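Trainee: I am new to this structure. Can we go through its rings and surface together?

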Amino acid sequence: MFAIRTRRRTHCCKSRKQPLDRVFLLRVLFIMAACSISNINAQIRYSVPEEMKKGSLIGNIAHDLGLDAQRLRSGRARIVSGDSTEYVELKSDKGILVVKERIDREQLCAETTPCSFTFEIILDNPMELHHVTVEILDVNDHSPRFAKDAINLEISESATPGARFLLGSADDPDVGVNALQNYIMSTNDNFILKQHARPDGVKYAEMVLQKPLDREQHPRLSLILTAVDGGNPQRSGNMKIEVNVLDANDNAPVFNQTVYKATIAENAPKGTYITTVNASDADSGMYSLISYSFANLKGNINEVFEIDEKTGAITLIGVLDFEKSKKYEIVIEAKDQGGLGNSAKVIVDLIDVNDNAPLISVMSFSSSVSEDAHAGTTIAIFSVKDLDAGENGHVDCSVDRSIPFKLQSSLRNYYTLVTDGALDRERVAEYNITITATDSGSPALSSQKTFNLKVSDVNDNPPRFQKSVYTTYVTENNQPGLSIFTLSAQDDDWNQNARISYILDETTVGGSPVSSFISVNADSGVVHALRGFDYEQMKSVRVCVKAQDGGSPPLSTNVTLDIIIQDQNDNAPQVLYPVQTGASVVAEIVPRAADVGYLVTKVVAVDVDSGQNAWLSYKLQKATDRALFEVGLQNGEIRTVRQVTDKDAVKQKLTVVVEDNGQPSRSAVVSINVAVADSFPEVLSEFTDFTHEKQYDENLTFYLVLALAAVSFLFITCVVVIISVKIYRWRQSRFLYQSNMPVIPYYPPHYADTGVTGTLPHGYNYEVCMTTDSRKSDCKFSTLGGQNVLVVDPSFTMQRAMKEKNFLEDPESPEMQKPPNADWRFPPNQRPGPSGAGARPDEAGASAGVIAGTGPWPNPPTEAEQLQALMVAANEASEASATLGPRYNPQYGPDYRQNVYIPGSTATLTANPQQQVPQQALPPPQALPPVEAPKAAQTPASKKKPTKKDKK
């Protein structure tokens with residue numbers, strides 16, 4: 001598949017005014033040849049002038065390739081150049097090519113046209129390869145230059161018109177329009193200038209004699225030869241010509257050949273002979289002497305070759321390089337002593353020698369590849385270049401056949417290294433791939449390039465145990481946390497894929513999860529016992545452990561671990577018969593006529609251990625008569641050793657020890673009562689005297705004493721607390737009884753008696769205001785129908801504070817509280833004046849609601865009753881002040897109905913002004929006992945100065 005893309009490119013050139021500039025301005029052509037593989041994509045050609053500044057734009061490579069800047073960055077676009085000098089730089093972020101180093105066309109290509117250099121741009125993921133050719137356009141940056149600044153010509157005056165004199169040629173490294181174009185000679189009467197061009201295109205000048213010379217008139221002529229190029233601006237070079245007029249020399253030297261040819265190997269040493277040029281002159285004498293020289297110095301000819309001025313022999317004095325120049329064209333000039341001369345050409349062809357080994361340039365290389373990579377995966381892309389020509393420059397590349405890699409070539413001298421088989425990191429972790437490039441020269445030269453490729457691991461190997469089932473043994477009664485076994489698995493993978501974790505499979509053992517018995521360290525695989533095992537309950541434990549690696553996805557392998565529990569002698573023998581009881585005495589009866597070997601009883605015991613730990617042996621430890629009984633060592637049978645006689649005691653007590661065979665051994669003791677008698681009554685009478693050891697529990701007595709002490713302490717504490725509370729309440733209730741306040745009946749305002757029964761059908765209430773420091777506590781005691789009700793009235797104001805304020809501000813205020821007259825202590829009927837005569841006519845309206853009382857106070861009085869008594873005293877004082885003249889004018893008498901102070905507190909008792917409705921007055925009270933009123937003095941609350949809060 002081939003695709004051709006055409007792009008338009010513009011390039012800069014300084015000579016814009018010349019007609020030939022259009023040729024360079026329109027020289028934009030590139031052709032992309034793309035093969036079927038993705039490695040080679042396009043070929044682009046740019047044209048730029050030489051001597052551009054560093055960083056100057058060459059072209060938008062991203063746009064020309066049809067790519068975006070993001071693709072260049074993600075593909076890590078880069079320039080791969082086989083040359084040692086890189087002239088261009090790729091700006092991946094902008095997708096442009098810029099000048100990296102100054103480009104000198106003359107240094108890069110000399111006379112070769114067109115001048116260009118090639119490099120490759122490579123991208124990864126996927127890999128793409130693009131060839132870019134940059135053509136360097138010439139800029140007129142060199143002036144024509146002659147080999148000599150001045151020449152001396154000696155011309156005979158006998159020279160005939162038409163005689164030609166070679167002036168040589170100027171050298172201009174530029175090409176095209178910027179190269180040498182014309183020669184101009186200063187104006188004179190004798191010579192004209194003619195220009196010629198050699199076959200190689202080099203222009204040279206001849207001076208032709210137009211008018212014979214006259215030595216007597218002009219023995220010396222000075223002329224200027226100017227060489228100009230076609231650049232813009234135009235550049236030129238001058239050479240001074242000094243003509244000395246001599247006597248006649250009318251024959252010029254003549255070469256025997258017009259063109260000389262020679263060949264030489266590029267590796268020829270210095271001093272090698274090349275050829276000899278030969279010219280002859282028909283003149284004689286000094287005019288026949290010919291000198292040879294190089295007419296042109298283009299390409300540093302004088303540094304490579306040397307000519308003998310007298311013999312014309314040409315030898316090698318420099319180093320030849322076929323790769324730089326394949327041939328040399330040398331112009332030889334022959335002059336006689338009279339200044340006449342002629343020229344010939346020498347062509348030296350170089351023979352290529354295989355002196356350059358192939359050069360391998362790596363364009364892309366992936367240092368690692370996954371072991372599961374498919375066959376054909378690209379590892380590296382590289383190019384091979386041989387500077388030699390012909391067969392010497394033909395290169396073949398090869399790779400070692402023993403490794404799973406091969407080379408593919410889709411374009412000449414470009415190769416791709418790909419995988420040629422499956423990779424296995426566990427078998428080979430890395431490869432050193434050596435690429436050998438060999439040319440076809442004789443002898444052949446080769447070069448090698450080694451790629452170190454690491455195979456990255458893939459989790460393709462599960463953990464591996466040496467066995468599928470492991471068995472370990474542990475003795476019972478082990479310590480919790482004991483290390484039982486260590487599981488170890490291997491994983492052929494690497495790093496995280498080989499990191500193994502051990503996981504305990506959740507199963508049940510005897511109805512309990514296995515994790516309650518066993519734990520496995522996830523990192524080390526050490527198996528620990530979480531509790532002590534009991535052989536009698538569990539003989540073995542089978543657990544399943546999974547070994548899982550750290551790959552993604554993880555691989556795992558299961559292994560079974562059988563834990564065999566070994567028995568320990570941790571259980572003492574248990575006696576089953578005879579049964580040991582402390583409540584009654586059991587005795588075995590042996591008749592006195594028993595023979596030797598009589599079976600008295602058999603001790604039966606068991607041991608829950610196993611093996612030799614359960615082997616029991618029986619021994620007689622203690623006996624009343626050891627000579628009478630014996631115990632079977634293995635069966636525990638108690639038999640008589642001799643004949644029972646009448647002398648043997650009736651009561652016999654045997655102690656048998658049952659011992660197992662463990663290490664250390666454990667034992668049990670059993671006591672057996674044996675009665676030697678022929679009848680049961682005899683046995684009964686003998687064994688009633690057996691004293692049983694009483695077992696006292698000393699701890700029980702201690703606990704009983706402790707409980708009794710605790711109960712007694714709690715009881716005494718409760719009694720003391722109850723008595724303290726009773727005494728406290730009694731003292732609180734007696735506080736008011738011990739005060740000197742009078743107990744005076746008081747009937748509150750709005751009281752009306754509708755009958756002789758003394759009931760209170762109308763509702764009444766009075767207010768009590770109590771406070772400590774804040775004076776914000778308001779309480780209202782409301783009595784309705786003979787019942788006391790406590791009501792909180794938030795709208796109640798502190799009247800006592802207002803009274804104190806008025807007293808301080810206006811002492812003459814009518815509401816100011818004055819000390820009462822001493823006569824207020826007398827009953828109304830005993831006071832002087834009309835008040836003692838009885839009820840006043842105006843009392844029905846004025847003092848309505850202040851007369852109180854129809855029945856006796858209950859005994860003992862309550863706090864509410866005592867408050868009512870204080871109010872009564874205040875009402876009577878008010879009545880007395882109203883009937884005793886100016887002294888007792890209400891202006892001077894305090895209104896105790898408004899404010900009543902409670903001794904020892906800051907409370908104020910006042911009537912509710914909202915309920916003072918005139919009602920029918922009651923008769924005055926009869927014969928009230930005289931009481932001594934308290935002295936009128938300010939209470940501690942009244943002495944306080946009003947605060948800002950009180951004023952508000």
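**Rings and a surface patch**

Mentor: Start with Tyr 87, which has 18% relative accessibility and counts as buried. Keep in mind that this is a predicted model.

Trainee: Is Phe 117 buried or exposed?

Mentor: Buried means under 20% relative accessible area. Phe 117 has 8% relative accessibility, so Phe 117 counts as buried.

Trainee: How many aromatic pairs does a search of the whole structure find, and what is the angle between the planes of Tyr 87 and Phe 117?

Mentor: The search finds 13 aromatic pairs. Tyr 87 and Phe 117 form one that is tilted, 5.4 Å centre to centre, with the planes at 45°.

Trainee: How many residues apart are Tyr 87 and Phe 117?

Mentor: Tyr 87 is in the loop between strand E3 (78-80) and strand E4 (88-91). Phe 117 is in strand E6 (residues 115-123). The pair links distant parts of the chain, 30 residues apart.

Trainee: Why is the pair of Phe 405 and Tyr 431 edge-to-face?

Mentor: Planes over 60 degrees apart count as edge-to-face. The ring centres of Phe 405 and Tyr 431 are 5.2 Å apart and the planes are at 80°, so the pair is edge-to-face.

Trainee: Which strand holds Tyr 431?

Mentor: Both Phe 405 and Tyr 431 are buried. Phe 405 is in strand E30 (residues 405-411), and Tyr 431 is in strand E32.

Trainee: What is the relative accessible area of Ile 727?

Mentor: Ile 727 is in helix H7 (residues 698-734). Ile 727 belongs to a nonpolar surface patch that includes Phe 715 and Val 719. Ile 727 is partly exposed, at 46%.

How values were computed:
Residues numbered from 1 in each chain as written. Predicted model: local features only at pLDDT ≥ 70, side-chain atom pairs only at ≥ 80, totals over all residues. Heavy atoms only, no water. Patch = residues over 30% accessible without salt bridge, like charges linked within 9 Å, V, L, I, M, F, W, Y side chains within 5 Å. Areas by Shrake-Rupley, 256 points an atom, 1.4 Å probe, with all protein chains shown as cover. Salt bridge = Lys/Arg side-chain N within 4 Å of Asp/Glu carboxyl O. Helix = DSSP H or I, 4+ residues; strand = E, 2+ residues; numbered from the N terminus. Buried < 20%, exposed > 50% of the residue type's maximum accessible area, 1.4 Å probe, protein only. Phe/Tyr/Trp six-rings, centres within 6.5 Å; stacked < 30°, edge-to-face > 60°.
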